[in-house]
Amino acid sequence: MKIDLSRYAPPGINLNPEKNVFLWGLAGAACWSLSFLFRLYEKWDALFQRIGNENVLRKGAVMPDYTEVLGNALIGFAVLALAMLSFIAYHYAYHRQGSKSIYLMRRLPDRWELHRRCLTIPLVSALLCVLAAFVLLCVYYWIYLAVTRMSVWFPDSGR
């Protein structure tokens with residue numbers, strides 16, 4: 001299913017650079033978020049001590065809170081959302097270049113057409129960044145709960 005985004009963009013603009021920034025930024029933010037899994041393993045591994053061939057749970061060992069383990073793993077999505085919002089200024093500036101289509105856009109019967117074409121794609125892409133971060137936040141919390149509960153009942157599991 002291919003969506004025609006030209007209805008929601010300034011007339012004549014090339015959307016490929018914006019699409020590439022969004023897709024590469026999303027991939028980069030997702031890769032950066034994987035740092036949570038490395039920190040989780042590091043904190044989980046610190047709960048145990050090796051005695052002979054067995055891993056034994058340390059006395060008084062406490063798993064850090066989820067927010068401490070999460071750290072800045074989702075910051076890439078916030079950065080990408082801000083980058084997408086910066087395209088709003090670019091879209092408005094695009095109307096003032098060359099043939100000055102800003103004058104045509106202001107004369108259209110639908111007075112919201114200019115704003116619709118300048119705001120829709122950047123706001124939707126920023127919202128998708130927030131949604132992706134929220135989904136990963138929930139998935140990572142589920143993983144955190146699964147790992148912390150597993151280490152209480154099965155200290156030798158996962159090794």
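Trainee: In this predicted model, which residues of H4 are met by Glu 18, Val 21, Phe 22, Gly 25, Leu 26, Ala 29, Ala 30, Trp 32 and Ser 33 in H1?

Mentor: Helix H1 covers residues 16-33 and helix H4 covers residues 75-95, so these are the stretches to look along, counting contact as heavy atoms within 4.5 Å. The residues of H4 that meet those of H1 are Ile 75, Gly 76, Phe 77, Leu 80, Met 84, Phe 87, Tyr 90 and His 91.

Trainee: How do the residues of the contact of H1 with H4 divide into nonpolar, polar and charged?

Mentor: The contact includes residues such as Val 21 and Phe 22 from H1, together with Leu 80 and Met 84 from H4. Sorted by type, the residues of this contact come to twelve nonpolar, four polar and one charged.

Trainee: Are H1 and H4 roughly parallel or roughly antiparallel to each other?

Mentor: Two packed helices are described by the angle between their axes and the distance between the axes. Here the axes of H1 and H4 come within 8 Å, and they cross at roughly 165 degrees. Angles over 145 degrees count as roughly antiparallel. The two helices, H1 and H4, are therefore roughly antiparallel.

Trainee: Which element gives the most residues to the largest nonpolar core?

Mentor: The largest nonpolar core has 18 residues, and those with the most contacts inside it are Phe 36, Leu 40, Leu 70, Tyr 140 and Tyr 144. The elements that give two or more residues to this core are helix H2 (35-45), helix H3 (66-70) and helix H6 (113-153). With five residues, the element that gives the most to this core is H6.

Trainee: Leaving aside its neighbours within four places in sequence, which residues is Phe 36 in contact with?

Mentor: Phe 36 is one of the residues with the most contacts inside the largest nonpolar core. Once its neighbours within four places in sequence are left aside, Phe 36 is in contact with Tyr 66, Val 69, Leu 70, Ala 73, Tyr 140 and Tyr 144.

Trainee: Is Ile 88 buried or exposed?

Mentor: The place of Ile 88 is in helix H4, and beyond four places in sequence this residue is in contact with Cys 118, Leu 119, Pro 122 and Leu 123. The C-alpha atoms of Ile 88 and Leu 119 are separated by 5.8 Å, although the two residues are 31 residues apart along the chain. Because buried means under 20% relative accessible area, and Ile 88 has a value of 17%, Ile 88 counts as buried.

Trainee: What distance separates the C-alpha atoms of Tyr 92 and Leu 114?

Mentor: Tyr 92 is found in helix H4, and at 24% relative accessibility it counts as partly exposed. Not counting residues up to four places away in sequence, Tyr 92 touches Leu 114, His 115, Cys 118 and Leu 119. Tyr 92 and Leu 114 are 22 residues apart in sequence, while the distance in space, C-alpha to C-alpha, is 8.3 Å.

Trainee: What relative accessibility does Lys 59 have?

Mentor: Lys 59 lies in the loop between strand E2 (54-57) and H3. A residue over 50% counts as exposed, and Lys 59 is exposed because its relative accessibility is 84%.

Technical notes: Residues numbered from 1 in each chain as written. Predicted model: local features only at pLDDT ≥ 70, side-chain atom pairs only at ≥ 80, totals over all residues. Heavy atoms only, no water. Core = buried A, V, L, I, M, F, W, Y, C linked by side-chain atoms within 4.5 Å. Buried < 20%, exposed > 50% of the residue type's maximum accessible area, 1.4 Å probe, protein only. Helix = DSSP H or I, 4+ residues; strand = E, 2+ residues; numbered from the N terminus. Axes fitted to C-alpha atoms, helices over the stretch in contact; angles between N-to-C directions. Parallel < 35°, antiparallel > 145°, perpendicular 65-115°, else oblique. Nonpolar A, V, L, I, M, F, W, Y, C, P; charged D, E, K, R; others polar.
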